[in-house]
Amino acid sequence: MPRDFYAALCLVLVIEGLVLFAAPQGWQAMMREALKLDPRILRLFGALAIGIGLITLHWVH
């Protein structure tokens, strides 16, 4: 179980790294726009991402 968890974290780093490597200007623009959002909206997006991720993980596993 811990090995799968660490593998998943490594894949997150790879995906994040790919975004930064492939489109650094797009990432910066997205972060500038995110700074303009209300923290409650960002928290909502985070909660939705967690929910979608958990449902997808359950479906795939």
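Buried residues are those under 20% relative accessible area, exposed residues those over 50%, and partly exposed residues those in between, with a 1.4 Å probe and protein chains only. The legends below describe a predicted model, in which local features need pLDDT of at least 70 and side-chain atom pairs count only at pLDDT 80 or more, whereas totals for chains, interfaces and linings use all residues. Residues are numbered from 1 along each chain as its sequence is written, and side-chain values use heavy atoms, with hydrogens and water left out.

**View 1. The nonpolar patch around Leu42.** Leu37, Ile41, Leu42, Leu44, Phe45, Leu48 and Ile52 make a nonpolar surface patch of about 630 Å². Patches of this kind consist of residues with over 30% relative accessible area and no salt bridge, nonpolar side chains (Val, Leu, Ile, Met, Phe, Trp, Tyr) being joined within 5 Å and like charges within 9 Å; the areas come from the Shrake-Rupley method with a 1.4 Å probe, and for residues only the protein chains shown count as cover. Leu42 belongs to helix α3, residues 39-60, and counts as partly exposed because its relative accessibility is 38%.

**View 2. The salt bridge between Glu33 and Lys36.** This pair forms a salt bridge (a side-chain nitrogen of Lys or Arg within 4 Å of a carboxyl oxygen of Asp or Glu), with the closest N and O atoms 3.1 Å apart. Both residues lie in helix α2 (residues 24-36), three residues apart, which is about one turn of the helix. Glu33 is partly exposed, with a relative accessible area of 45%, whereas Lys36, at 63%, is exposed.

**View 3. The salt bridge between Arg40 and Asp38.** The structure holds two salt bridges, and in this one the side chains of Arg40 and Asp38 meet at 3.0 Å, N to O. Arg40 counts as exposed at 63% relative accessibility, while Asp38, at 32%, counts as partly exposed.

**View 4. The chain as the setting of these sites.** Buried residues make up 0% of the 61 residues.

Notes. Helices (H or I, at least four residues) and strands (E, at least two) are DSSP runs, numbered from the N terminus.
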